Amino acid sequence: MTETRTMDRPDRRNILDEAAQGVIGTPMDRPEGKLKVSGTATYAHEYNLPGTAFGVLVRATVPSGRLAHVNETSVADIEGILGVYSDERFLRNPAQGGANEAPVQGTDIDYFGQAVALVVAETFEAARDGATRIQLRLDADDDGVFDPASSPPEAQPDEAVDQGDLSAAMADAAHSIDVTYTTPGHNSAAMEPHCSVAEWQDGNLILRGSYQMLKYNRNEIADAIGIDPAKVRILSPYVGGGFGSKLGIAPEAVAAAIAAKALNRPVCVALTRQQVFENVMRRSESKQRVRLAADKDGKLSGLGHEAWVSNLPEESFAEPVLQATHFLYGGDSRKLDLYLHRVNRICAGSVRAPGEAIGMQILENAMDELAHEAGIDPVELRIRNIPDMHPEKDIPYTSRKMEEALRTGAEAFGWDKRPAKPATRREGEWLVGMGMATAARINMLQASEARVTLKADGTAIVETDMTDIGTGTYSILTQIAAEMLGLPSERVTTILGDTDLPPAAGSGGSWGAASSGSSVFVACEEIRERIAERLDCKPDELTLKDGQAICGNRSTPLADLLDSDICVEGRIESGKLSQKVQSATYGAHFAEVAVNAVTGETRVRRMLGVFGCGRILNEKTARSQCIGGMTWGMGIALHEDLMFDLRDGHLTNRDLAEYHVPVNLDVPQQDVIFIDERDGESSPIQAKGIGELGICGAAAAITNAIFNATGVRVRDYPATLDKIIAEMA
Amino acid sequence: MKTKLIINGQDRALDADPRVTLLDALRNHLGLPGAKKGCDHGQCGACTVIVNGRRVNSCLTLACMHDGDAVTTIEGIGMADDLDPLQQAFVRHDGYQCGYCTPGQICSARAMLDEAEAGWPSFVSEEMDGAIDLSQLSDEEISERMSGNICRCSAYSNIVDAIREIAHEKQGASA
Ligand code: FES
Ligand code: FES
């Protein structure tokens, strides 16, 4: 049976705090950690099924046109070649997160690098050779658009806000800012390249893949290849990083499935690193204009944020740059607009914290500019502009720890030592400065299901098709079940990443932990009730601890109490509450940088993030999520930059040597502080999302610190040394 | 092409296409998928294994060039039921998230500590020669020496914590 809970009203019972096991929130080591550190966790590529053939994708080398002919004889003499596949069902690009249906398909080409054919061979080496030598006839069109700004912007009405009179507010303001910034594209660059191993058994497709949201992925691939979703099983027990890049079914999965069917044997297709750059989602570049109008005390009377982003034709995704701007700060007069340009470039989609990652970055740069202009401390300026109610919808917020985070962070970081005047602290050839930014990210609860079985022997199993992409799902679901059922965590086994299990929310949008965690919680509450029934006691008088059921002065081992397993499926759904309140997570970033006066090189010396994300389910994995996000902020601030050739739209830096992500020496020891919080309006476990908050605003803290160190504002990201040195006195 | 390798102390015979890299030999032919492929171009470190005592990017070298060589992979450092202290430190300090770069990080760290102990200088070393006292190995030294291993989950702070703990203990043990 399925127990369903709809989030129509708050749950402030804080049952996880009442429970006696004492495992929730603790920094428990990951249960799958031993497998990961010994190299025995099984990622998609590592099944080595008997008879597996290997496929390598072939890319289009024109930006627009169609695949006219595949010359199979050009590879026929390569030993071990099994076939060359191109098909009207091939995907032009991956499905967007949660699409639940196939994206654009076919052999028309819309961007340079699009995968148009698959060469399959007995060995990886032969397939790779074939993919290099295969001759394709590509009919090129000359109508490609390669500079986003050259195509007409399409307004996104759902994002538009026109409230009050921003022009008048700007004219009347004691202090105002009107600035335009640009941010480049980014790639998730998860360390595990996408890989799919497709195998057909009796007309059913088994796909071992590297995916984040399996219930959608199943429908997407079924739709793409034209079969019933019930005939598809996807297995993704371990995923080597996702960050949005593995949200939707991707070209390699469909190509592998088609080839496996034709060859009647398993086919393994892994993307090369270059293909990861070219065939999965990019974060759109953006141009952003921010206008801020404030009175003499820095209180905002007006706020404008306009953004221009891009995507392929027919893709509806427009990087939601304004997502946090809508609710974060006050200001009665508001003008927000988002525009989408159509361009023949790699598909744009979700890359960790779509929207806020670059939107918060620029909003927080603009706030720093306003603080400087008005002569107000940047922390103080933020605190003065925390609105009482949502400034556009006039609804209240759920628990919001923004002010606590800002104050706690300022205190812990030693913010009072920051010189208010830029470029005044020098140590040898290094100019030193501090910067800060608010962190904010919307929070959502998504439908999610899990099955919990309390076995007659007093152990428990949690099962769901939820994924753990490094986020800590194995840990937190184990902890929730252990806490609720009063079991030591070693007696709970969590099984994930299999579409045969109850469908979960998936790992995306930071909603995984709170949503899948709540489904486990709902199932466990029902199990507790059934145990209480057997003991003839009220559920709230029941204590479960260390495998004992305690009621009054009676203590019974669970194993004695149960003659058979208790198995319950729990389901959580978002409800009416989501329309009545604004749920979000908040925090504050603080950074200290040193900028070399001779070269303009920036080194981050210290970084602190303070976050309020509701209940922390595992202090260790939560912290890791945050330092990961903060490091992404460093990458965005200083290094990461997808560079496209404006003549044909091809990506020029499509590997890890040319696209620079932070490496160990770039990252100082980081500090994270969590603000104690329970948000009963956001989920029945009082938890919110945490996977993306660490990025939101982080880059701005670093570039604001660069300004404090040098007096230079780089408004064209990333803040590389050439841009800084050019402006330095 | 026939190649004899000594992998994790065991003699292994390989008969594979000469184009097979050491990484693909381990993963696709020898049943040792612990070493990971992150880029196949020597840019990420996920494939790091130890050959004759030195860390190498196994994607950048062909298996057939290693006839007679001793190769240590993550499986040879320790299996799940018998982890090496370095692996345990990675678990304790959460020196990973998705785990994909992790075998490479651990193999790299193991060889790196030996390099430091042997007195190999790094980009951030103050002195160009002389053995380094591992109990004094600084975070900056660890970070620099581990910068060939990318972790996109960005567990760097925790990776340094794990390695520092082992480095500092190691010296204590041998002193
Ligand atoms: S796979 Fe060898 S360095 Fe990346
Ligand atoms: S743990 Fe995911 S890349 Fe390092």
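Reply: A disulfide is a covalent bond between the sulfur atoms of two cysteines. Here the criterion is a pair of cysteine sulfur atoms within 2.5 Å, and a search of the whole structure, over all chains, finds zero disulfides. This is a predicted model, in which local features need pLDDT of at least 70 and side-chain atom pairs count only at pLDDT 80 or more, while totals for chains, interfaces and linings use all residues. Residues are numbered from 1 along each chain as its sequence is written, chains are lettered from A and ligands numbered from 1 in the order in which they are written, and side-chain values use heavy atoms, with hydrogens and water left out.

Me: How should I read the backbone angles?

Reply: Most residues other than glycine have a negative phi, and most peptide bonds are trans. In this model, phi of Gln686(A) is near 60 degrees, a positive value in a residue other than glycine, and that of Asn52(B), likewise not a glycine, is positive and near 50 degrees.

Me: Where are Gln686(A) and Asn52(B) found, and are they buried or exposed?

Reply: Gln686(A) is found in the loop between strand S31 (670–674) and H16 of chain A, and at 1% relative accessibility it counts as buried. Asn52(B) has its place in the loop between strand S3 (48–51) and strand S4 (54–57) of chain B, where the residue is partly exposed, with a relative accessible area of 47%. Helices (H or I, at least four residues) and strands (E, at least two) are DSSP runs, numbered from the N terminus.

Me: Which residues does a cis peptide bond join?

Reply: The cis peptide bond joins Tyr717(A) and Pro718(A), with omega about -5 degrees. Pro718(A) is found in the loop between helix H16 (698–710) and helix H17 (721–727) of chain A.

Me: What can be said of Gly433(A)?

Reply: Gly433(A) lies in strand S21 (residues 430–442) of chain A and is buried, with a relative accessible area of 1%.

Technical notes
Buried means under 20% relative accessible area, exposed over 50%, partly exposed in between (1.4 Å probe, protein chains only).
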